[in-house]
Amino acid sequence: MTDANRPPLVITMGDPAGVGPSITVSAWNALQGEADCAFFVIGAPDLYQGEVPTQTISDPSEASGVFGSALPVLPLDAFPLPVRGQPDSRSAPAIIASIEQAAAFCLSGAADAVVTNPINKALLYAAGFTHPGHTEFVAALCNTATGGAAQPVMLLTGGGLRVALATIHIALKDVFTTLNMEDLVKLGKIVDTAMRQDFGLTSPRLAFTGLNPHAGENGTIGREEIDIINPAADQLRSAGIDMSDARSADTVFAEARDGRFDAIISMTHDQGLIPVKTLDMWGGVNTTLGLPIVRTSPDHGTGYEAAANGTARPDSLIAAIRQARLIAGHRKETA
Ligand SMILES: NC(=O)C1=CN([C@@H]2O[C@H](COP(=O)(O)OP(=O)(O)OC[C@H]3O[C@@H](n4cnc5c(N)ncnc54)[C@H](O)[C@@H]3O)[C@@H](O)[C@H]2O)C=CC1
Ligand SMILES: NCC(=O)COP(=O)(O)O
């Protein structure tokens with residue numbers, strides 16, 4: 001399939017009170033001349049009208065023909081639009097519907113990949129949403145549709161780093177009872193496969209972070225490295241995967257940035273995200289590995305303040321759009 005014939009990307013609305021609408025408009029402005037980045041957004045047309053030319057579409061197949069001259073919008077059922085910067089729980093059903101429809105378009109092949117705009121997780125939880133975030137929700141949608149049991153993995157890229165997370169949205173106190181060798185082995189295999197099929201690497205070099213200071217200092221300041229992480233690394237190496245034992249988390253990100261590792265598996269959310277966001281707050285991308293569809297996202301959140309005062313930056317969304325296209329292309333090449 002030539003690039004011109006590839007299906008468009010689909011972008012979700014995200015929280016309409018956050019930066020999503022503004023960065024979507026800015027991304028269209030930046031990319032409208034690049035047919036390879038053609039996308040449509042599933043959202044409320046009023047969020048975008050007046051900012052750039054928009055055109056409502058009724059099917060994803062119309063998007064690529066429209067993209068060069070207007071932002072294609074696939075409309076959601078009407079709902080009360082919030083004031084920018086002021087989250088409104090009445091948006092929740094539309095936010096969720098946008099993600100559901102986007103995943104369905106990817107599963108059917110009508111869209112090449114989904115790029116999600118940020119959601120306010122607490123707002124959705126209050127409305128009865130039971131998934132920790134997009135990562136788990138999109139995986140559940142895929143598994144329901146396919147009957148599969150895909151295990152989603154969150155990968156952050158930015159600042160020259162690729163960082164996958166062993167635990168995501170859980171309290172720090174629960175990390176110690178959640179980490180286990182079997183899951184780390186599965187995770188290592190998913191990351192290795194993704195480095196090959198999604199990022200085009202032929203011999204990925206992977207590293208585990210330690211959980212404790214100095215990777216446990218031979219068990220004197222914590223045993224998770226000896227009892228869980230290093231045995232998982234042993235199993236992965238036996239399976240032919242180039243995986244390090246637990247390495248000190250205060251050093252391994254610099255080692256990766258200097259080219260020693262292609263991807264790091266971090267034991268906690270903040271351990272992995274702090275280096276990525278510190279090195280590249282505005283250009284980072286969040287990618288979900290291990291799914292039958294391609295999903296990326298900006299690595300920032302709803303940014304209500306930036307939405308309210310008109311200072312939202314689109315860099316991370318634009319990087320997420322480009323990364324989604326690249327991954328979808330790599331997958332087609334290696335299929
Ligand atoms: N993928 C997703 O859907 C994500 C959603 N969130 C959600 O976002 C909400 C807010 O989380 P925070 O921790 O405050 O992080 P945040 O990323 O929304 O905000 C951090 C800082 O960056 C600014 N900011 C964010 N995006 C910006 C942009 N595009 N341009 C300019 N400035 C921007 C904000 O105004 C704030 O000062 C939470 O409800 C959280 O659940 C957070 C991360 C990812
Ligand atoms: N901090 C990253 C984050 O919260 C992303 O969550 P998700 O909605 O992509 O699952």
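Analyst: Happy to. One term before we start: a residue is near a molecule if its C-beta atom, placed from the backbone, lies within 6 Å of it. Please also keep in mind that this is a predicted model.

User: Thanks! Which residues come nearest to ligand 1?

Analyst: Those are His300, Gly301, Gly303, Ala306 and Arg313, out of 19 residues around ligand 1. Two elements give two or more residues to that shell: helix 4 (121-126) and helix 11 (304-309).

User: What does His300 touch?

Analyst: Leaving out residues up to four places away in sequence, His300 touches Pro118 and Ser316.

User: And how far is His300 from Lys173?

Analyst: From C-alpha to C-alpha, His300 and Lys173 are 24 Å apart in space, and they are 127 residues apart in sequence.

User: Okay, on to the other ligand. What surrounds ligand 2?

Analyst: Ligand 2 has Gly133, His134, Thr135, Leu273, Asn286 and Ser297 around it. By class, that shell holds one nonpolar, five polar and no charged residues.

User: Tell me about Thr135. Which helix is it in?

Analyst: Thr135 is in helix 5, which spans residues 134-146. Thr135 counts as buried because it has 25 C-beta neighbours inside 10 Å. Setting aside neighbours within four places in sequence, Thr135 is in contact with Pro152, Met154, Ile168 and Thr288.

User: And Asn286, where does that lie?

Analyst: Asn286 lies in strand 11, residues 285-289. With 26 C-beta neighbours inside 10 Å, Asn286 counts as buried. Beyond residues up to four places away in sequence, Asn286 touches Met154, Leu156, Thr296, Ser297 and Asp299.

User: You mentioned strand 11. Which way does strand 6 run relative to it, parallel or antiparallel?

Analyst: Strand 6 (residues 153-158) and strand 11 run antiparallel, joined by five bridges. Looking at one residue, Val153 has Leu289 in strand 11 as its bridge partner.

User: How many strands are in the whole sheet?

Analyst: The open sheet has 12 strands, with mixed pairing and the order 3-4-2-1-5-12-11-6-7-10-8-9. At its edges are strand 3 (54-56) and strand 9 (242-247), each of which pairs on one side only.

User: Let me zoom out. How is the chain divided into domains?

Analyst: Domain 1 covers 1-149 + 294-322, and domain 2 covers 160-279. The centres of the two domains, taken over C-alpha atoms, are 30 Å apart.

User: How many residues are in contact between domain 1 and domain 2?

Analyst: Four residues of domain 1 are in contact with four residues of domain 2. On the domain 1 side, that contact has one nonpolar, two polar and one charged residues.

User: Last topic: histidines. Which ones does UniProt place under "binding site"?

Analyst: The unreviewed UniProt entry places that feature at His169, His214 and His269. They are spread over 101 residues of sequence and also spread in space, up to 24.1 Å between C-alpha atoms.

User: What is His169 in contact with?

Analyst: Neighbours within four places in sequence aside, His169 is in contact with Pro132, Gly133 and His269. The place of His169 is the loop between strand 7 (161-165) and helix 6 (172-178). His169 counts as partly exposed because it has 13 C-beta neighbours inside 10 Å.

User: And what about His269, where does it lie?

Analyst: His269 lies in helix 10, residues 269-279. With 18 other C-beta atoms within 10 Å, His269 is partly exposed. Not counting residues up to four places away in sequence, His269 touches Leu165, Thr167, Ile168 and His169.

User: Great, thanks for the tour!

Definitions and conventions. Residues are numbered from 1 along each chain as its sequence is written. Chains are lettered from A and ligands numbered from 1 in the order in which they are written. This is a predicted model: local features need pLDDT of at least 70, side-chain atom pairs count only at pLDDT 80 or more; totals for chains, interfaces and linings use all residues. Domain bounds come from an automatic or database domain assignment. Two residues are in contact if their C-beta atoms, placed from the backbone, lie within 7 Å. Ala, Val, Leu, Ile, Met, Phe, Trp, Tyr, Cys and Pro count as nonpolar, Asp, Glu, Lys and Arg as charged, and the others, Gly among them, as polar. Helices (H or I, at least four residues) and strands (E, at least two) are DSSP runs, numbered from the N terminus. A residue is buried if 20 or more other C-beta atoms lie within 10 Å of its own, exposed if 12 or fewer, and partly exposed in between; C-beta atoms are placed from the backbone. Two strands pair if DSSP finds at least two bridges between them. UniProt positions are given in the numbering used here, feature names are shortened, and annotations may be inferred rather than shown by experiment.
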